[in-house]
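This report goes through one protein model, topic by topic. Please look over the sequence and the structure before reading on.

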Amino acid sequence: MYNKILVPYDFGNSFNNVPDQLVKLSQADEQSKIVVFNVVSETELANYVRYQGKHFDEVVKEKEEELQPFLDKLDALNLSYEVKFATGSATKEIVAEVEEGGYDVVVMSNKRSEMDIKHVLGHVTHKIAKRVNIPVLIVK
């Protein structure tokens with residue numbers, strides 16, 4: 001059983017199988033804490049500001065609404081979670097969160113679920129798996 005689980009959420013990935021894995025990892029224990037973490041890239045944030053006049057707080061509200069179906073699945077499975085947002089480089093922010101947060105495991109979705117022998121993992125997933133010193137579960 002893992003007590004503190006980080007789930008770096010990428011809106012371009014499919015997270016359909018992740019909730020079931022979170023149940024297995026946490027054993028549905030109320031002590032377990034899942035942190036759903038999304039990084040808004042600086043480029044994406046700059047585009048929101050430039051073209052839509054939205055700043056970080058407004059972008060976070062919009063992202064929380066997009067995230068709601070995934071969170072509803074976690075609620076249905078009685079999983080305890082917290083949602084966090086950051087801005088910057090996805091790799092750097094996720095590694096920093098792992099180092100500062102005292103996590104037991106990182107659970108990531110594999111964007112490249114189609115068979116591409118040359119690049120099995122997405123670049124962020126690959127870099128996180130290489131750079132953190134805790135287990136990384138990559139869910140297809």
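## Terms and basis

A residue is called buried when its relative accessible area is under 20%, exposed when it is over 50%, and partly exposed in between (1.4 Å probe, protein chains only). Accessible areas come from the Shrake-Rupley method with a 1.4 Å probe, and for residues only the protein chains shown count as cover. Helices (H or I, at least four residues) and strands (E, at least two) are DSSP runs, numbered from the N terminus.

The model is predicted: local features need pLDDT of at least 70 and side-chain atom pairs count only at pLDDT 80 or more, while totals for chains, interfaces and linings use all residues. Residues are numbered from 1 along each chain as its sequence is written, and side-chain values use heavy atoms, with hydrogens and water left out.

## The nonpolar core

In soluble globular proteins, nonpolar side chains tend to be buried together. A nonpolar core here is a set of buried Ala, Val, Leu, Ile, Met, Phe, Trp, Tyr and Cys residues joined through side-chain atoms within 4.5 Å.

The largest such core has 19 residues. Those with the most contacts inside it are Ile5, Val7, Val18, Leu22, Val36, Phe70 and Val107. Two or more residues each are given to this core by β1 (4-8), α1 (18-26), β2 (33-40), α3 (56-76) and β4. Which element gives the largest share of this core? It is α3, with 5 residues.

## Salt bridges

Side chains of opposite charge can pair when their charged atoms come close. A salt bridge is a side-chain nitrogen of Lys or Arg within 4 Å of a carboxyl oxygen of Asp or Glu. How many salt bridges does a search of the whole structure find? It finds 4. Among them is the pair of Glu82 and Lys33, with the closest N and O atoms 3.8 Å apart. This pair links distant parts of the chain: Glu82 is in strand β3 and Lys33 in strand β2, 49 residues apart. Glu82 is partly exposed, at 30% relative accessibility, and Lys33 is partly exposed, also at 30%.

Another salt bridge joins Lys63 to Glu44, and here the closest N and O atoms are 2.7 Å apart. Lys63 lies in helix α3 and Glu44 in helix α2 (residues 42-52), so the pair ties together parts that are 19 residues apart in sequence. Is Lys63 buried or exposed? Lys63 counts as buried because its relative accessibility is 6%. Glu44 is partly exposed, with a relative accessible area of 26%. Glu62 and Lys54 also form a salt bridge, with the closest N and O atoms 2.3 Å apart. Glu62 counts as partly exposed at 23% relative accessibility, and Lys54 is partly exposed with a relative accessible area of 22%.

## A positive surface patch

Patches are made of residues with over 30% relative accessible area and no salt bridge; like charges are joined within 9 Å, and nonpolar side chains (Val, Leu, Ile, Met, Phe, Trp, Tyr) within 5 Å. Lys and Arg count as positive and Asp and Glu as negative, while His and the chain ends are not counted. The place of a charge is taken as NZ of Lys, CZ of Arg, CG of Asp or CD of Glu.

Lys92, Lys127, Lys130 and Arg131 form a positive surface patch. Helix α5 (residues 123-131) supplies the largest share of the patch, 3 residues. Lys130 lies in helix α5 and counts as exposed because its relative accessibility is 60%.

## Single residues

Most residues other than glycine have a negative phi, and most peptide bonds are trans. Asn78 has a positive phi of about 55° although it is not a glycine. Asn78 is found in the loop between α3 and β3 (81-87) and counts as exposed at 67% relative accessibility.

Leu121 lies in the loop between β4 (105-109) and α5. Leu121 is partly exposed, with a relative accessible area of 25%. The C-alpha atoms of Leu121 and Asn38 are separated by 19 Å, and the two residues are 83 residues apart along the chain. Glu97 lies in helix α4 (residues 90-101) and counts as buried at 9% relative accessibility. Glu97 and Thr125 are 28 residues apart in sequence and 15 Å apart in space, C-alpha to C-alpha.
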